[in-house]
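Me: I have a model open and want to learn how to read its side-chain features. Can we go through them one by one?

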Amino acid sequence: MMNSIEKLISVSKGVSLLYVEDDRTLQQETAHLLRNFFEKIDLAQNGEEGLELFEPGKYEIIITDINMPKLNGVEMVKAIRRKDRHQMIIVISAHDEPHYLIDLINAGAQYFLSKPIDLTELISILYEFCVEHQQRSASLSKRE
């Protein structure tokens with residue numbers, strides 16, 4: 001675990017994250033943990049707030065819950081995909097019913113994690129996303 005934490009720290013500098021979660025306690029606890037890795041974290045209470053904060057290129061990673069008031073995570077992911085088809089998105093939910101998973105796959109979410117969050121799995125996915133972001137950024141700068 002310590003090795004994976006160090007690996008994530010080594011690749012997460014300059015990566016910004018949007019975390020959308022309606023459970024205030026869970027949101028604050030998870031954000032506190034994520035601040036160990038990411039310098040810029042914005043928080044939203046529901047999909048509507050998340051969508052208001054979102055702009056293509058503003059966040060490298062979005063983490064969202066599914067069941068939220070105003071606009072659920074599936075609808076938010078669909079709206080984000082219409083604006084940016086490359087946005088990295090992780091969905092976390094206590095609901096793992098097949099229809100949600102199918103909707104999320106069709107909407108373009110790359111990863112689905114069940115609550116309670118497996119910290120080792122989350123760190124591993126965040127590491128992969130950060131490495132992918134670095135590779136994409138390096139590829140784009142080579143083209144310029």
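The dialogue below takes up aromatic pairs, charges, a pocket and the backbone.

Me: What kind of model is this, and which pLDDT limits apply?

Reply: This is a predicted model: local features need pLDDT of at least 70, side-chain atom pairs count only at pLDDT 80 or more, and totals for chains, interfaces and linings use all residues. Residues are numbered from 1 along each chain as its sequence is written, and side-chain values use heavy atoms, with hydrogens and water left out.

Me: How many aromatic pairs does a search of the whole structure find?

Reply: A pair of aromatic rings is described by the distance of the centres and the angle of the planes. The rule here takes rings of Phe, Tyr and Trp (its six-membered ring) with centres within 6.5 Å; planes under 30 degrees apart are stacked, over 60 edge-to-face, the rest tilted. The search of the whole structure gives 2 aromatic pairs. Phenylalanine 37 and phenylalanine 38 make an edge-to-face pair, 6.5 Å centre to centre with 70° between the planes.

Me: Which residues form the tilted pair?

Reply: Tyrosine 111 and phenylalanine 129 do, at 5.5 Å centre to centre and 55° between the planes. This pair links distant parts of the chain, 18 residues apart: tyrosine 111 is in strand S5 (residues 111–114) and phenylalanine 129 in helix H6 (residues 119–143). Those labels are DSSP runs numbered from the N terminus (helices H or I, at least four residues; strands E, at least two). Tyrosine 111 has 28% relative accessibility, so it counts as partly exposed. Phenylalanine 129 has 2%, so it counts as buried.

Me: Where does the charged end of lysine 7 sit?

Reply: It sits over the ring of tyrosine 127, 4.9 Å from the ring centre. The test asks for NZ of Lys or CZ of Arg within 6 Å of the ring centre and within 35 degrees of the ring normal.

Me: How many salt bridges does the count come to?

Reply: Side chains of opposite charge can pair when their charged atoms come close. The cut-off puts a side-chain nitrogen of Lys or Arg within 4 Å of a carboxyl oxygen of Asp or Glu. The count is 5 salt bridges. One of them joins aspartate 42 to lysine 40, at 3.0 Å from N to O. Aspartate 42 is buried because its relative accessible area is 18%. Lysine 40, at 37%, is partly exposed.

Me: What about arginine 136 and glutamate 132?

Reply: Their side chains form a salt bridge of 2.9 Å, N to O. Both are in helix H6, 4 residues apart, about one turn of the helix. Arginine 136 is partly exposed at 32%, as is glutamate 132 at 33%. Elsewhere, salt bridges that share partners join Glu21, Asp65 and Lys115 into one network.

Me: How much space lies in the largest pocket?

Reply: About 200 Å³. Of its 11 lining residues, Gly57, Tyr59, Glu60, His133 and Arg136 are the closest to the centre. A pocket is an open set of points on a 1 Å grid over the protein atoms alone, where a 1.4 Å probe fits, with protein on both sides within 12 Å along at least five of seven lines; lining residues have an atom within 4 Å of a point. Points are joined across faces, edges and corners, and the volume is the space filled by probe spheres set on them. H6 gives the largest share of the lining, 4 residues.

Me: Which backbone values stand out for lysine 115 and lysine 70?

Reply: Most residues other than glycine have a negative phi, and most peptide bonds are trans. Here the peptide bond from lysine 115 to proline 116 is cis, with omega near -5°. Proline 116 is in the loop between S5 and H6. Lysine 70 has a positive phi, near 70°. Lysine 70 lies in the loop between strand S3 (61–64) and H4, and is exposed at 64%.

Technical notes
Buried means under 20% relative accessible area, exposed over 50%, partly exposed in between (1.4 Å probe, protein chains only).
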